Amino acid sequence: MAIAPDRAAPSAANADDGYGPIGRSEWMDIDWREHLRWVRVHRRWVNCVDIGEGPPLVFVHGLSGSWQNWLENIPHFARTHRVIVPDLPGFGCSQMPSEKISINGYARWLDELCARLELESTDIVGNSMGGFVAAEFALAFPQRVKRLALVSAAGISTEQQRNERMLVLLRKTEFVAIWLAGKTERAALRPGLRRFASFIFRHPERLPGPLIVEQARGGGKPGFIDALDACTSYPLRERLSQISCPTLIVWGDSDRLVPLRDADVFEALIDGSRKLVYADTGHVPQLERPARFNRDVERHLA
């Protein structure tokens with residue numbers, strides 16, 4: 001079922017300058033139960049959003065995330081695409097995988113998911129660990145990937161050594177998500193409490209409370225420790241030059257989890273790639289600058 005546009009798009013100036021959603025977010029008026037489905041992949045059940053009609057587009061969330069990490073983007077792209085947004089195994093409502101979590105294991109899992117959903121090839125967008133997985137997917141299964149977008153992607157800083165500062169921040173991310181999820185919704189919406197997420201978002205107190213609550217639902221899942229280990233023990237840098245599909249790189253200049261210099265490495269090693277850096281933006285550009293992000297990715301897919 002496609003989503004018809006029912007309101008005017010924000011102006012280019014507002015889209016570029018605004019932080020967070022502009023007006024009431026479309027995702028708040030969607031009955032998501034109509035678009036969630038269970039898919040059997042590698043002998044485990046996967047929770048997956050499947051919405052819209054048209055060429056397929058897959059979004060992949062990051063560590064301690066879930067499909068809700070793309071709430072500000074799914075309705076926009078569902079107007080023109082069949083949008084697939086899974087909870088990775090061990091996260092969201094998906095079961096743990098049958099084997100130990102690994103980056104190449106997630107890539108094989110995505111290949112099987114595409115086969116189950118009868119997607120011969122797809123565009124794919126990944127954030128943080130999801131970007132790491134999307135890059136590996138493009139390397140391991142190039143016939144599956146038409147276009148690739150890497151959003152604050154992991155895989156560079158974590159490749160050379162176990163960056164202790166990064167690991168501390170990632171563990172804080174998980175702690176805050178679990179802590180917020182355990183609060184009542186009213187408590188979690190308080191701006192003072194949301195400031196604890198400042199190492200994820202540049203300005204968490206300026207984001208709508210309901211959006212923050214939905215992000216917290218990704219915390220406390222059984223896949224976190226194994227996935228964290230996978231992110232810090234799998235080489236990617238030396239193989240990036242083999243990515244042949246058109247690639248967009250999107251980063252926030254105030255990312256405290258994955259440094260901006262990693263974006264330069266991706267751009268230098270992926271031939272023909274294009275890099276966009278959003279000012280005054282943290283680790284999750286798709287939620288912090290959704291109007292601009294949607295427009296930039298839309299242009300890339302076109």
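A: Of the 302 residues in the protein, 59% are buried. The model is a predicted one. The protein has eight strands and 13 helices. Take its contacts between residues at least 6 apart in sequence: 75% of them join residues at least 24 apart.

Now to the pair. Two packed helices are described by the angle between their axes and the distance between the axes. Helix α3 covers residues 103–116, and helix α4 covers residues 129–140. They pack at an angle of about 70°. Their axes are 8 Å apart. Angles of 65 to 115 degrees count as roughly perpendicular, so α3 is roughly perpendicular to α4. The crossing of α3 past α4 is right-handed.

Which residues of α3 and α4 meet? From α3 come Ile-103, Asn-104, Tyr-106, Ala-107, Leu-110, Asp-111 and Cys-114. From α4 come Met-129, Phe-132, Val-133, Glu-136 and Phe-137. Sorted by class, this contact has nine nonpolar residues, one polar residue and two charged residues.

The pair also leads into the interior. In soluble globular proteins, nonpolar side chains tend to be buried together. Here the largest nonpolar core has 54 residues. Helix α4 gives the largest share of this core, with eight residues. Leu-110 and Met-129 are among the residues with the most contacts inside the core, and both take part in the meeting of α3 with α4. Ile-124, Leu-148 and Phe-266 are also on that list of most contacts.

Set aside its neighbours within four places in sequence. Leu-148 is then in contact with Ile-124, Ala-134, Ala-135 and Ala-138, among others. Its partners also include Ile-243, Cys-245, Pro-246, Thr-247, Leu-248 and His-300. A second core, of 34 residues, is separate. Tyr-19, Trp-32, Ile-74 and Val-250 are included in that second core.

Next, the two sides of α4. Ser-128 lies in the loop between β5 (122–127) and α4. Is Ser-128 buried or exposed? Ser-128 counts as buried, because its relative accessibility is 8% and the cut-off for buried is under 20%. Its backbone deserves a look too. Most residues other than glycine have a negative phi. Ser-128 is not a glycine, yet its phi is positive, about 60°.

Gln-143 sits in the loop between α4 and β6 (145–151). Gln-143 is exposed, because its relative accessible area is 53% and exposed means over 50%. Apart from neighbours within four places in sequence, Gln-143 is in contact with Glu-120 and Ser-121. Gln-143 and Cys-245 are 102 residues apart along the chain, while their C-alpha atoms are separated by 9.6 Å.

Ser-64 is in the loop between β3 (56–60) and α2 (74–77). Ser-64 is buried, with a relative accessible area of 7%. Its phi is near 65°, a positive value in a residue other than glycine. Arg-289 is in the loop between α12 (285–288) and α13 (290–301). Arg-289 is buried, with a relative accessible area of 7%. Arg-289 and Glu-72 are 217 residues apart along the chain, and 9.4 Å separates their C-alpha atoms.

Methods: Residues are numbered from 1 along each chain as its sequence is written. This is a predicted model: local features need pLDDT of at least 70, side-chain atom pairs count only at pLDDT 80 or more; totals for chains, interfaces and linings use all residues. Side-chain values use heavy atoms; hydrogens and water are left out. Axes are lines fitted to C-alpha atoms, for helices over the stretch in contact, and angles run from 0 to 180 degrees between N-to-C directions. Helices (H or I, at least four residues) and strands (E, at least two) are DSSP runs, numbered from the N terminus. Angles under 35 degrees count as roughly parallel, over 145 as roughly antiparallel, 65 to 115 as roughly perpendicular and the rest as oblique. A crossing is left-handed if the near helix is turned anticlockwise from the far one by less than a right angle, and right-handed if clockwise. Contact means heavy atoms within 4.5 Å. Ala, Val, Leu, Ile, Met, Phe, Trp, Tyr, Cys and Pro count as nonpolar, Asp, Glu, Lys and Arg as charged, and the others, Gly among them, as polar. A nonpolar core is a set of buried Ala, Val, Leu, Ile, Met, Phe, Trp, Tyr and Cys residues joined through side-chain atoms within 4.5 Å. Buried means under 20% relative accessible area, exposed over 50%, partly exposed in between (1.4 Å probe, protein chains only).
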